[in-house]
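Here are some notes for reading the structure below. Please keep the sequence at hand while going through the numbered points.

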Amino acid sequence: MITIEKDTKAEEIFIHAAPEDLRGFAKKLWQMSEKAEAKGKHKEQFTTKLDSDIELSTTPLAKGSQRSVVKKLTISSSAT
């Protein structure tokens, strides 16, 4: 499970995960890049739902209200 947080101004993103979860996320990004090269473009969404390929956490890790949890992450890639 990965926790993604953003600051209140959305100027900085924080990603928290165990090493094996980061490797899984990196593997998924690599697969997305290969699909984009083969098809010309590719887009995927990761959410807090249990059926998401990469599950996002809904539990904030930062103390206070300086950050909020990202509940949906959309990544798109296009070969140019």
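1. K28 itself is found in helix α1, which covers residues 19–39. Please bear in mind that this is a predicted model.

2. The chain as a whole. The C-alpha trace spans about 45 × 25 × 20 Å along its principal axes. The chain has 80 residues, and 26% of them count as buried. Its accessible surface comes to about 5,800 Å², with 51% belonging to carbon and sulfur atoms. If we take the contacts between residues at least 6 apart in sequence, 55% of them join residues at least 24 apart.

3. Charges. The chain carries 14 positive and 12 negative side chains, and the centres of these two sets lie 5 Å apart. A search of the whole structure finds four salt bridges.

4. Salt bridges of K28. Is K28 buried or exposed? K28 has a relative accessible area of 11%, and because buried means under 20%, K28 counts as buried. The side chain of K28 meets that of E44 in a salt bridge, at 3.4 Å from N to O. This pair links distant parts of the chain, since E44 is in strand β3 (residues 41–47) and K28 in helix α1, 16 residues apart. K28 also forms a salt bridge with D53, where the closest N and O atoms are 2.8 Å apart. D53 lies in the loop between β3 and β4 (67–69) while K28 is in helix α1, so this pair ties together parts that are 25 residues apart in sequence. D53 counts as exposed because its relative accessibility is 54%.

5. E44 counts as buried at 12% relative accessibility, whereas K35 counts as partly exposed at 34%. Through shared partners, salt bridges join K28, K35, E44 and D53 into one network.

6. D7, a buried charge. D7 is found in strand β1, residues 2–7. D7 is buried yet has no salt bridge, and the nearest side chain of opposite charge, K6, is 7.2 Å away. What does the side chain of D7 reach at 2.7 Å? That side chain reaches the backbone nitrogen of E11. Not counting residues up to four places away in sequence, D7 touches E12, F14, Q66 and R67.

7. A10 and A17. A10 lies in the loop between β1 and β2. A10 has a positive phi of about 55°, although it is not a glycine. A17 lies in strand β2, residues 13–17, and is partly exposed, with a relative accessible area of 29%. A17 and I4 are 13 residues apart in sequence, and their C-alpha atoms are 8.8 Å apart in space. Not counting residues up to four places away in sequence, A17 touches M1, I2 and L22.

Key: Residues numbered from 1 in each chain as written. Predicted model: local features only at pLDDT ≥ 70, side-chain atom pairs only at ≥ 80, totals over all residues. Heavy atoms only, no water. Buried < 20%, exposed > 50% of the residue type's maximum accessible area, 1.4 Å probe, protein only. Contact = heavy atoms within 4.5 Å. Areas by Shrake-Rupley, 256 points an atom, 1.4 Å probe, with all protein chains shown as cover. Lys, Arg positive; Asp, Glu negative; His and termini not counted. Charge placed at Lys NZ, Arg CZ, Asp CG, Glu CD. Helix = DSSP H or I, 4+ residues; strand = E, 2+ residues; numbered from the N terminus. Polar contact = N/O pair within 3.5 Å; in protein donor to acceptor, adjacent residues only side chain to side chain.
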